[in-house]
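The sequence and the model are displayed first.

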Amino acid sequence: MPALRLLAFLTSLLLISCGPSSKDADAQDYIHLPAPHHRALAENPRRILLGMRSVGEDWICFRSTPEAGDEWIIDRAHDKAAIKHVRRDEASKPSTETDVYFSGHRYTDAEGSESAEELRVTCDWTSGTLDLAYLGSDPTVKKTIANLPPFAPSHRQQYVALVAKITQKWTP
């Protein structure tokens with residue numbers, strides 16, 4: 001019986017220590033992981049050729065796992081969500097990458113849930129293909145993306161230009 005009490009006590013202690021911190025969620029400190037950062041900086045030339053956003057010197061890789069890949073934010077004080085996700089293969093080379101751009105606006109989806117308006121650009125590093133996904137309520141953006149030709153290398157600049165046009169419109 002004393003062993004059960006000790007186990008219960010240790011379990012309670014573990015649950016308490018794993019609970020939410022008293023820090024404000026907006027002031028959360030992210031741990032910067034330098035190894036993935038150096039790797040990503042070295043990959044930037046290929047990233048640019050593919051039409052993806054380069055990883056900046058001041059970006060923060062706050063998570064890097066085989067399952068989730070590398071996850072990035074730009075500014076720990078203002079970004080509450082990852083803006084770049086890089087998945088890697090068994091050899092630790094990029095396989096897919098997704099850049100997320102937020103407009104700063106919210107919209108109500110078909111189910112009535114409120115969400116952040118965003119544009120996602122996904123690149124398959126093996127084939128070089130780009131895919132755009134818009135989550136929002138702007139009919140012009142929806143129509144423009146729907147009218148894009150299926151991706152082909154000859155359309156890369158058209159896709160990249162559209163991303164720049166949309167995100168520039170969102171920049172204050």
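The text below covers the basis of the model, its nonpolar cores, a helix pair and several individual residues.

**Basis.** This is a predicted model, in which local features need pLDDT of at least 70 and side-chain atom pairs count only at pLDDT 80 or more, whereas totals for chains, interfaces and linings use all residues. Residues are numbered from 1 along each chain as its sequence is written, and side-chain values use heavy atoms, with hydrogens and water left out. Helices (DSSP runs of H or I, at least four residues) and strands (runs of E, at least two) are numbered from the N terminus.

**Nonpolar cores.** A nonpolar core is a set of buried Ala, Val, Leu, Ile, Met, Phe, Trp, Tyr and Cys residues joined through side-chain atoms within 4.5 Å. Buried means under 20% relative accessible area, exposed over 50%, and partly exposed in between, with a 1.4 Å probe and protein chains only. The largest core comprises 19 residues, and Leu119, Val121, Leu130, Leu132, Ile145 and Ile166 have the most contacts inside it. Two or more residues each are given to this core by strand 5 (114-124), strand 6, helix 3 and helix 4. Helix 4 supplies the largest share, 5 residues. Apart from this core lies another, of 7 residues, among them Ala40, Val55, Trp59 and Ile83.

**Leucine 130.** This residue belongs to strand 6 (residues 130-135). Beyond its neighbours within four places in sequence, leucine 130 is in contact (heavy atoms within 4.5 Å) with residues including Leu50, Met52, Val121, Phe151 and Tyr159. Leucine 130 and glutamate 97 are 33 residues apart in sequence, and their C-alpha atoms are 9.6 Å apart in space. With the same exclusion of sequence neighbours, the contacts of valine 121 include Glu97, Leu130, Leu132 and Val163.

**Helix 3 and helix 4.** Two packed helices are described by the angle between their axes and the distance between the axes. Axes are lines fitted to C-alpha atoms, for helices over the stretch in contact, and angles run from 0 to 180 degrees between N-to-C directions. Helix 3 (residues 139-146) packs with helix 4 (residues 156-170) at an angle of about 175°, with their axes 12 Å apart. The two helices are therefore roughly antiparallel, a term for angles over 145 degrees. Helix 3 makes the contact through Val141, Thr144 and Ile145, and helix 4 through Leu162, Ile166 and Lys169.

| Residue | Relative accessibility | Class |
|---|---|---|
| Leucine 130 | 6% | buried |
| Aspartate 138 | 18% | buried |
| Serine 92 | 32% | partly exposed |
| Arginine 47 | 0% | buried |

Aspartate 138 is situated in the loop between strand 6 and helix 3. A polar atom of the side chain of aspartate 138 lies 2.9 Å from the backbone nitrogen of threonine 140. Not counting residues up to four places away in sequence, aspartate 138 touches Glu117 and Lys169.

Arginine 47 is placed in helix 2 (residues 34-50). The side chain of arginine 47 reaches the backbone oxygen of alanine 40 at 3.0 Å.

Serine 92 occupies the loop between strand 3 (84-88) and strand 4 (94-108). Phi of serine 92 is near 70°, a positive value in a residue other than glycine.

Technical notes. Parallel < 35°, antiparallel > 145°, perpendicular 65-115°, else oblique. Polar contact = N/O pair within 3.5 Å; in protein donor to acceptor, adjacent residues only side chain to side chain.
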